[in-house]
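Please have the structure open while reading.

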Amino acid sequence: MTVHNLYLFDRNGVCLHYSEWHRKKQAGIPKEEEYKLMYGMLFSIRSFVSKMSPLDMKDGFLAFQTSRYKLHYYETPTGIKVVMNTDLGVGPIRDVLHHIYSALYVELVVKNPLCPLGQTVQSELFRSRLDTYVRSLPFFSARAG
Amino acid sequence: MADEALFLLLHNEVVSGVYKSAEQGEVENGRCITKLENMGFRVGQGLIERFTKDTARFKDELDIMKFICKDFWTTVFKKQIDNLRTNHQGIYVLQDNKFRLLTQMSAGKQYLEHASKYLAFTCGLIRGGLSNLGIKSIVTAEVSSMPACKFQVMIQKL
């Protein structure tokens, strides 16, 4: 059980933060391209899900999984998107992603006057607290599963 | 007191507003820091008037400093000053190990050069509070590792 990596996007598609913990295979394209690809995919899936839903939509797109990994998605009303890739043994982690938004992003980035909104986060404090938090999660183990 | 986030965000905007509207050369010669300190001075004067309306008169200078460290700091920042030192000759050093306006910024050395901008208002706050209690002083602040900082108060004997 492990966490592979984490992306944080704002409402305009700017990648605010990216960290990885266990990633055996890279995408083979430069990082900028990778962020655009991820954001574009999320944008398309969200609108697809709401159009094609056979019932009234409640939460919208939550996660997708393949035979090797699961991608979890959380979006706030202000358009901040938290995306986490974990392995398959992990269940719904909406509250974890919500905590990353409220207790880490809002507290340490929004309230930091030296972190301009809409740009990649430079704050060391945010980076280290996020790392500590993810490593302390029950489904994160130091050895990749 | 209202939610802390309100004052924190407003204070951050005040600091960046003062710096944005600074004219040529004002940033270097410290005019911006002075403007922020004067704002804090006026606010401190008003606040102390409000907080002490029901307390008894203070015995001496040390008593006033203790009031600033305990009650005044608690009402404004929801915690007390962690350490008060004095040389009994008019110099007091107030140490706050987790200053509320700096905790979100960094935990160490990052952004250290910008820290003084965010302490100027609070220096004025202390100076204004003391002035309305009858003490003329000079207040400076220093920070070596966020979020801990020290406020130095020099009492001016008239």
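Does B:Asp96 count as buried or exposed? The model is a predicted one. In it, B:Asp96 has 0% relative accessibility and counts as buried.

**Salt bridges**

B:Asp96 forms a salt bridge with B:Lys79. B:Lys79 is also buried, with a relative accessible area of 16%, a value that falls under the 20% limit. B:Lys79 lies in the loop between α3 (61-77) and β1 (83-86) of chain B, while B:Asp96 belongs to strand β2 (residues 91-96) of chain B, so the pair ties together parts that are 17 residues apart in sequence.

Another salt bridge of chain B joins B:Asp54 and B:Lys53. Here B:Asp54 is exposed, with a relative accessible area of 69%, and B:Lys53 counts as exposed at 61% relative accessibility.

In chain A, A:Arg23 forms a salt bridge with A:Glu20. A:Glu20 is partly exposed, its relative accessible area being 34%. Over all chains, a search of the whole structure finds 14 salt bridges.

| Salt bridge | Closest N and O atoms |
|---|---|
| B:Lys79 and B:Asp96 | 2.4 Å |
| A:Arg23 and A:Glu20 | 3.7 Å |
| B:Asp54 and B:Lys53 | 3.9 Å |

**A bent helix in chain A**

Helix α2 (residues 94-110) of chain A has 17 residues. Its end C-alpha atoms are only 21 Å apart, whereas a straight helix would reach 24 Å at 1.5 Å a residue. The helix α2(A) bends by about 30° at A:Leu104. A:Leu104 is one of the buried residues of α2(A), which also include A:Val96, A:Ile100 and A:Tyr101. The buried residues of this helix pack against strands β1 (3-9), β2 (15-20), β4 (70-75) and β5 (81-86) and against helix α3 (124-135), in chain A.

**Where the chains meet**

How many residues of chain B are in contact with chain A? There are 13, and they touch twelve residues of chain A. The area buried between the chains is about 1,100 Å², of which carbon and sulfur atoms give 63%. B:Gln104, B:Gln110 and B:Tyr111 supply 47% of the area that chain B buries against chain A, more than any other three residues. Between chain B and chain A the count of salt bridges is zero, but four residue pairs are in polar contact across the interface. Helix α1 (residues 4-20) of chain B gives the most to the side of chain B that touches chain A, with four residues.

Note on methods
Residues numbered from 1 in each chain as written. Chains lettered and ligands numbered in written order. Predicted model: local features only at pLDDT ≥ 70, side-chain atom pairs only at ≥ 80, totals over all residues. Heavy atoms only, no water. Helix = DSSP H or I, 4+ residues; strand = E, 2+ residues; numbered from the N terminus. Expected span 1.5 Å × (residues − 1). Bend = angle between axes of the 7 residues up to and from the residue. Buried < 20%, exposed > 50% of the residue type's maximum accessible area, 1.4 Å probe, protein only. Contact = heavy atoms within 4.5 Å. Buried area = accessible area lost by both parts, 1.4 Å probe. Salt bridge = Lys/Arg side-chain N within 4 Å of Asp/Glu carboxyl O. Polar contact = N/O pair within 3.5 Å; in protein donor to acceptor, adjacent residues only side chain to side chain.
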